[in-house]
Amino acid sequence: MNNERILIVEDEKSIAIDLQRRLERFGYAVVGMASEGNEAIKLALELEPDIILMDIMLSGDVDGVAAAKAINDVKDIPFIFLTAYTDEKTLERAKAVQPYGYILKPFK
């Protein structure tokens, strides 16, 4: 059994639920899910997960890159970006906040 606590930040509910189910099958604890950047910041600071799986493009005013920066300004929580966007501008913005890694969608 894994002890890692994961926060999922994904604005497509079906993807978030599928990801949660897959992770829980592997023994990980999904401690929360958010679909907007501001919600992700709030949950990350409250729940202090071991890692955050963060979509770059989110609902609302705050995208995943901005949310990751806001979280890292306060807490040292590693995150992995989940994204379908591979354009140079998006990747440069994402690299600037030093993610632990990237997972390109769609993924298996």
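This briefing describes the sheet, the helices around it and a few individual residues. The structure is a predicted model. Five strands form an open sheet in the order β2-β1-β3-β4-β5, and their pairing is parallel. The edge strands of this sheet are β2 (29-34) and β5 (101-104), each of which pairs on one side only. From one strand to the next, the twist averages 20°.

**The sheet and its pairing**

- Strands of a sheet pair through backbone hydrogen bonds, and this pairing can be either parallel or antiparallel.
- Strand β3, which covers residues 51-55, pairs with strand β4, which covers residues 79-83, in the parallel sense over four bridges.
- Within this pair of strands, isoleucine 52 stands opposite phenylalanine 79 in β4, and aspartate 55 stands opposite leucine 82 in β4.
- Strand β4 is mostly covered, with five of its five residues buried.
- In a regular strand the side chains alternate between the two faces of the sheet.
- In β4, Phe79, Phe81 and Thr83 point one way, while Ile80 and Leu82 point the other way, and all of these residues are buried.

**Helix α2 and its partner α3**

- Helix α2 (residues 37-47) packs against α3 at an angle of about 25°, and the axes of the two helices are 9 Å apart. Because this angle falls under 35 degrees, α2 counts as roughly parallel to α3.
- The contact involves Gly37, Ala40, Ile41, Ala44 and Leu45 on the α2 side, and Ala67, Ala70, Ile71 and Val74 on the α3 side.
- The way in which α2 passes α3 is a right-handed crossing.
- The buried residues of α2 are Gly37, Ala40, Ile41, Leu43 and Ala44, and the elements that cover them include β1, β2, β3 and α3.

**Methionine 54, a residue within the sheet**

- Methionine 54 lies in strand β3, and with a relative accessible area of 0% it is buried.
- If its neighbours within four places in sequence are left aside, methionine 54 is in contact with Val9, Gly64, Ala67, Ala68, Ile71, Ile80, Phe81 and Leu82.
- Methionine 54 and glycine 37 are 17 residues apart in sequence, and the distance between them in space, taken from C-alpha to C-alpha, is 9.3 Å.

**Aspartate 63, a buried residue in a loop**

- Aspartate 63 lies in the loop between β3 and α3. Its relative accessible area is 16%, which is under the 20% limit, so aspartate 63 counts as buried.
- The side chain of aspartate 63 reaches the backbone nitrogen of alanine 66 at 2.9 Å, and the side chain of aspartate 63 also makes a polar contact with the side chain of arginine 93, at 2.7 Å.
- When residues up to four places away in sequence are not counted, aspartate 63 touches Ile56, Leu58 and Arg93.

- Glutamate 48, which follows α2, lies in the loop between α2 and β3. Although glutamate 48 is not a glycine, it has a positive phi of about 45°.
- Glutamate 48 has a relative accessible area of 41%, and it is therefore partly exposed.
- Glutamine 98 is found in the loop between α4 (88-96) and β5. Glutamine 98 is not a glycine either, although it has a positive phi of about 50°.
- Glutamine 98 has a relative accessible area of 67%, which is over the 50% limit, and glutamine 98 therefore counts as exposed.

Notes. Residues numbered from 1 in each chain as written. Predicted model: local features only at pLDDT ≥ 70, side-chain atom pairs only at ≥ 80, totals over all residues. Heavy atoms only, no water. Pairing = 2+ DSSP bridges. Axes fitted to C-alpha atoms, helices over the stretch in contact; angles between N-to-C directions. Buried < 20%, exposed > 50% of the residue type's maximum accessible area, 1.4 Å probe, protein only. Polar contact = N/O pair within 3.5 Å; in protein donor to acceptor, adjacent residues only side chain to side chain. Contact = heavy atoms within 4.5 Å. Parallel < 35°, antiparallel > 145°, perpendicular 65-115°, else oblique. Left-handed = near helix turned anticlockwise from the far one by under 90°.
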